[in-house]
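My notes follow in the order I took them.

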Amino acid sequence: MVETIRRGVFAGIAIGVGGTVFLNVGGVVGAVLFAFGLLAVVHYKLKLYTGTAGYVTRDSWGNLGVILLANILGCFVTAMLVRYCEPDLVKTADAILQKRLSLGPLKCGLLGIGCGLIMTTAVEFARKQQFLPLLFGVPVFILCGFTHCIADAYYYCMVSPDLLLDNLASVLVVYISIVIGNLVGCNLYRAFV
């Protein structure tokens with residue numbers, strides 16, 4: 001369990017690094033560079049919620065919850081460091097959260113399904129030592145506007161405290177819908193294979 005938590009926290013940090021580059025650069029270039037986070041997760045065999053959710057079994061549900069919480073902790077640590085060093089990025093994160101809130105939980109959850117499918121597909125290729133889909137998968141889900149629960153955890157940790165606290169209930173509902181959407185999407189491949 002300790003090893004799972006450690007690998008989960010470091011996966012959250014890796015996604016936080018990817019999220020930081022996206023907040024700094026944005027657009028296609030930022031989306032492509034975000035892929036560094038997922039490449040690091042796969043290379044170091046870290047535990048990422050969306051890299052694990054497609055392989056969950058009856059006995060591993062609790063483990064998936066631990067991974068999610070560890071990922072969020074890693075995102076939080078990264079966000080606190082980045083917020084201190086680059087406070088201007090808060091405005092960019094605020095815009096992402098406001099967009100999620102304007103879409104609402106149903107749309108965010110549905111968009112999460114697309115992201116989950118892409119992430120599991122990319123991980124499947126990586127397990128066969130084919131890493132190009134990892135490089136393309138991240139920009140594809142970002143540019144499609146699909147939602148990723150760990151990337152969003154990082155963005156939500158980056159937002160201004162007033163925005164987060166004023167909308168806390170709505171943020172939690174939207175976030176849970178994204179987590180569920182990612183879980184569904186991560187398991188869609190089972191219908192194809």
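Which residues are buried in H9? I first noted the ground rules: this is a predicted model, where local features need pLDDT of at least 70, side-chain atom pairs count only at pLDDT 80 or more, and totals for chains, interfaces and linings use all residues. Residues are numbered from 1 along each chain as its sequence is written, and side-chain values use heavy atoms, with hydrogens and water left out.

**Helix H9.** I found Val171, Val174, Tyr175, Ser177, Ile178, Val179, Gly181, Asn182, Leu183, Gly185 and Cys186 buried in H9. Buried means under 20% relative accessible area, exposed over 50% and partly exposed in between, with a 1.4 Å probe and protein chains only. Helices are DSSP runs of H or I with at least four residues, numbered from the N terminus. I looked up what covers these buried residues: the cover includes H3 (49–52), H4 (61–85), H5, H7 (149–158), H8 (161–166) and H10 (189–192). I checked the length of H9 (residues 168–186) too: its 19 residues should span 27 Å, and its end C-alpha atoms are 27 Å apart, which agrees. The expected span is 1.5 Å times one less than the number of residues.

**Asn182.** This residue is found in H9, and I read its relative accessible area as 0%. A polar atom of its side chain lies 2.8 Å from the backbone nitrogen of Cys149. Leaving out residues up to four places away in sequence, I listed the residues Asn182 touches (heavy atoms within 4.5 Å); among them are Tyr49, Gly112, Cys115, Thr147 and His148.

**Asp152.** I placed Asp152 in H7. Asp152 counts as buried, at 0% relative accessibility. With residues up to four places away in sequence not counted, Asp152 touches Arg100, Thr147, Tyr175 and Ile178. I also looked up Gly16: its C-alpha is separated from that of Asp152 by 9.6 Å, with the two residues 136 apart along the chain.

**Helix H1.** I read 24 residues for H1, which reaches 35 Å from its first C-alpha to its last, close to the 34 Å expected. Gly26 follows H1 and has a positive phi, near 70 degrees.

**H1 against H5.** How do the axes of H1 and H5 cross, and at roughly what angle? The axes of H1 (residues 2–25) and H5 (residues 89–127) come within 9 Å and cross at roughly 95 degrees. The two helices are therefore roughly perpendicular, a label for angles of 65 to 115 degrees. Thr20, Phe22, Leu23 and Asn24 in H1 meet Leu89, Thr92, Ala93 and Ile96 in H5. I sorted the residues of this contact as five nonpolar, three polar and no charged.

Note on methods: Axes are lines fitted to C-alpha atoms, for helices over the stretch in contact, and angles run from 0 to 180 degrees between N-to-C directions. Angles under 35 degrees count as roughly parallel, over 145 as roughly antiparallel, 65 to 115 as roughly perpendicular and the rest as oblique. Ala, Val, Leu, Ile, Met, Phe, Trp, Tyr, Cys and Pro count as nonpolar, Asp, Glu, Lys and Arg as charged, and the others, Gly among them, as polar. A polar contact is a pair of N or O atoms within 3.5 Å; within protein, one must be able to donate a hydrogen and the other to accept it, and residues adjacent in sequence count only if both atoms are side-chain atoms.
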